[in-house]
Amino acid sequence: MIIVMKKWMKHRGSVVFFFVTWFLLVISFTGNFFGVGLWRSWFDGFQRDSSAIIEKTARCKEKSSYSGPLIVTKNEDYNSVMMSEGCDTSLLKPYASQYGLQARIITALAPKDNAKLPSYFKKVNILLSAAMAALMALVALRVRKLFGFVAAAVFATLVAFSPWVVGYAQNIYWIEPLMFAPFTFAFLSYSYCKSSKKLWLFYLGEAVLLFLKFLSGYEYISTIAMSVLVPIIFFELINNKQKIIKLWKHAVMTCIVVAVAFVGAYATNFVALSGYYHSSDTALKMINERASERGLSGIRKMRAYAIGNLKTLLPESYVFADRFINMEELANDKGPTYRYLAINAGNYMLLPALSLPLSLKGVFGEIIQSILVWVLVGYLVLFYLKRRRPSFKYYRSFLWSLHASLAGALSWLILMPGHALPHAHINGIVFYMPLLLFVYMIVGLYVGNMVKKWRKHA
């Protein structure tokens, strides 16, 4: 009993910090307590159309012969079929682009009485929010150990005001905890596994987490892969002057782990579809059709989405740009492709990294809260910290982590333009895996140093 009490006293601060942080993030993720979002009803409607895939699968589980996720046969019928509570299986087909682990689990546990499904889905929403909050609270706890309480508190606060993290948290299709689990596991465990000479355990754990993620969808695969490597870079370069190229073995191992997880998930989906269609050729064709649309071949078909997305997500910037460019003409798919790509790039840069609790209007307000500005803030604050303290041992760690994280975020948008063009309304999430999380750490470290100086002079 005495030993238990001593351990409690030793770790009391960490335990209290974790649960307070977890609670604040839960109410943010579940109920949008801090009111983040691009407009008033943004949170409530965020990705309801994707959640509908899981909901429809659960409603039709007694009638459908396919146990995986279901989607409409004709795309033009999506809203009328998927958003309704009925179940006409003649209008549905397997969602072939992924195995749909999330759909299978949520559907298997769903009550057979469809009247109880709304309550069941809300419970799943809360569970997912709690899981995501726990992951971010664990990262914040690690930040506290590295940089102190103030840095960790600032980090957690900024996460709570991050619209894309908050929006995704309770979504039953995207399963955000699986999107961030590979990074969180790496950030928490890499140093221990290396010091204890158990790197095999580290890579095994990553392989399992990546496999589970890819079973629920291959979206953001390149960004998530880089999110595994970034913590390795960070911890390897702490107070270490070795060249970044010397970490190539870790990069190769990460690529191998990602490839194994991807192949395993792909093969699982292939086997499931082959069994359903009784044809391996049909299964292969259906899986690869979706991937083709999302790649380079989808640019021409998807490019006009860039205009509609800008108008919806950043209305002030759209009006401003329309003064110089005929946006209506571009919206009618009349114009050179490079203009659409340039507008899309500008749209992504100006997506909000944070929803600040301030009234900031016009293009200026959109810029101040944007991903572009906050990434620049991260770099500038890091350079400032280095200049004020030349011996700052985390400088190269943070610098290369930012470089690698930025490359990871951009990789998905560059490799999959067919997905980037129509999905600006959700793809802001790539900048948190883990680029903006490291920006938040740097800002938190800076605030922590300022608080220390204030205490000394007080």
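**Exercise 1.** Is N347 buried or exposed?

*Solution.* The model is predicted, so local features need pLDDT of at least 70 and side-chain atom pairs count only at pLDDT 80 or more, while totals for chains, interfaces and linings use all residues. Residues are numbered from 1 along each chain as its sequence is written, and side-chain values use heavy atoms, with hydrogens and water left out.

Step 1. Buried means under 20% relative accessible area, exposed over 50%, and partly exposed in between (1.4 Å probe, protein chains only).

Step 2. N347 has a relative accessible area of 0%, and therefore counts as buried.

Step 3. The place of N347 is helix α18 (residues 337-350); helices (H or I, at least four residues) and strands (E, at least two) are DSSP runs, numbered from the N terminus.

Step 4. Leaving aside residues up to four places away in sequence, N347 touches A306, N309, L310, L313, L314 and A424, where contact means heavy atoms within 4.5 Å.

**Exercise 2.** State how much of helix α3 is buried, and name what covers the buried residues.

*Solution.* Step 1. Helix α3 (residues 48-59) has 12 residues and reaches 16 Å from its first C-alpha to its last, close to the 16 Å expected at 1.5 Å a residue. The expected span is 1.5 Å times one less than the number of residues.

Step 1. Because 9 of the 12 residues of α3 are buried, the helix is largely enclosed by the rest of the structure. Among the buried residues are S50, I53, K56 and R59.

Step 2. The cover includes the strands β1 (70-72) and β2 (92-94), together with the helices α4 (78-82), α5 (101-109) and α6.

**Exercise 3.** Describe the largest nonpolar core and the surroundings of I429.

*Solution.* Step 1. A nonpolar core is a set of buried Ala, Val, Leu, Ile, Met, Phe, Trp, Tyr and Cys residues joined through side-chain atoms within 4.5 Å.

Step 1. The largest such core has 151 residues, and those with the most contacts inside it are F180, F187, Y220, F398, I429, L436 and Y440. Helix α6 (residues 117-147) gives the largest share of this core, 15 residues.

Step 2. Not counting residues up to four places away in sequence, I429 touches W164, V165, Y168, E176, M179, F180 and Y220.

**Exercise 4.** Where does R40 lie, and is R40 buried or exposed?

*Solution.* Step 1. R40 is in the loop between α1 (2-31) and α2 (42-45).

Step 1. With a relative accessible area of 85%, R40 is exposed.

Step 2. The C-alpha atoms of R40 and D333 are separated by 30 Å, and the two residues are 293 residues apart along the chain.
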